[in-house]
Amino acid sequence: MSASILRNSPHSEPKSVLAGALAVFVHLFFVALLVFGLNWKDHPPEGMIVDIWTELPKPIQEPVKSQPLPKQSVPEPVKPKLEPQPPKLEPPKPVPQKTIVEPPVKKPDIAVKQKPEPVKEPLPDLQEQKKKEQEKVKEQERVKELEKQKELEKKKEFEKKQELEKQKELETQKELEKQKALQRQKEKEQAAQRQREQEAKAQREAEVKRAAQQAAARNQITNEISKYKALILAKIRSRIVMPPDLPGNPVVEFSVTLLPGGDILDVRLSRSSGYAAFDSAVERAIFLSKPLPLPPDPALFNEFRNLNITVHYRE
Amino acid sequence: MNTTVTQDMSFLHLISSASLLVQLVMLILVMISLLSWWYIFRKLFVIRYEIKKTDEFEDIFWRGADMNALYQRTINSRYESGSLERIFAAGFSEFNKHPAGSDLEAVMESTRRAMRATYQREMDYLESHLSFLATVGSVSPYIGLLGTVWGIMNSFRSLASITQATIAHVAPGIAEALIATAMGLFAAIPAVVAYNRYASRTDQLATRFESFMEELSNVLQRRAAG
């Protein structure tokens, strides 16, 4: 009875839940180690590449931006110099015109009014006392005529003076006009100069743009050239049967003459590595990789006609 | 160069960018590793508890305690009893079932059989899941290796379309594939260590149980004869 109870009684396993928790903890710990232990790898290389490519295009664009700025600042001080000059000359013009024009208009009016008045008065006197008074009148007329003549003379003198003044004024006006014309000419010349400067600026900018475009084109060409040089080197490297266990990192240099199409005309050892086995292995590899990869543009072939190939024992 | 150098090489990114089979292998390995660590801790506690209980019981028994009292105590606290107590209880109850004056040889034989049966059951309990640890220790490196080989195969296959191959093209694929091997080893190493350690401990316990059985049968025989 009692033995059967023992036989069927389950084993009370201690702390099985704690065991599970510990197992999970061990794994979390290990994962954390891996995650934080491997993270150091991804930070440093990113900065290198981004910096190189953002810096290259800038020096071409920056001069274009910086040059127009000083040019624009130069014409600006020129304009204020020209503008203050006309206001200095303009105020004298209106002042003499007003003073000259007004007096001659008033004086002739007075002269015209004085003349008819003496003509109307003698007319009724002449009908009643013809002969007696006629003499007196004649005398008076003579006197008047004399007076008139004197007045006329005075007027003529005035008129002459006025005419002289007018002439003088006209002369001054002409002079002013001449000065104005000169100023206008100057302004025109300055405007022309400004236009010339702007044109020169535009030409310079266009030249800078052209230079940038040419530089970009040159960059493309150099990229193409360097790409194909790398391809050539890679092809040669892939054909080298490296002699084993050379000490250090010996370098061998070959000057290779190419034919259009990638065929090899001549291979000369220009600098030996010091290990004949390595030198000959590289030379064999150059001949083995015979149609060398060349850019499809035949204009670039001149860059490849005489190639210098340097091979390092270890990459 | 640019594309490969700037690639994210962090651990989580490597796992998420691996191919489906490699990810499956990794998942299996994580499950195996969790399970094996659970068993490692469970067996650690069980074997520790068993050794403690055995020490206690041997101490009480050889001090000359009353067998009937010991038997009653074992029956009453059967959920906290150790293996040695159960073996003792099985043998003692079988010995007492026989009426006085029956054949001593037959009584001792049946007592020894009862003890042997309980001993087998207890050893089975102590050694349970140890075989699982042994399996994990031997198989999980192979599972990890399978994932690695598959990942490297894929990374080389994708290399075929590139004319100018560098180590940078292959490196990320190999790195992500090697994670599978790392996981396999992480599961295997503790499993092997634990298996060896627990196997030796259970062997020690087994010899202690067997010697106790022999000694108890001697004591009971003397008691029946005397």
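In chain A of this predicted model, strand β1 (residues 251–258) and β3(A) run antiparallel and are joined by 7 bridges. Strands here are DSSP runs of type E of at least two residues, and helices are H or I runs of at least four, numbered from the N terminus. Two strands pair if DSSP finds at least two bridges between them. Opposite A:E253 stands A:T310 of β3(A).

The open sheet comprises 3 strands in the order β2-β1-β3 (chain A), with antiparallel pairing. Neighbouring strands are turned by 25 degrees against each other on average, direction ignored. Helix α12 (residues 276–288) of chain A packs on the sheet and touches β1, β2 and β3 of chain A. The direction of α12 makes about 30 degrees with that of β1(A). Contact means heavy atoms within 4.5 Å. Axes are lines fitted to C-alpha atoms, for helices over the stretch in contact; angles run from 0 to 180 degrees between N-to-C directions.

Residues are numbered from 1 along each chain as its sequence is written, and chains are lettered from A in the order in which they are written. Local features need pLDDT of at least 70, side-chain atom pairs count only at pLDDT 80 or more, and totals for chains, interfaces and linings use all residues, while side-chain values use heavy atoms, without hydrogens and water.
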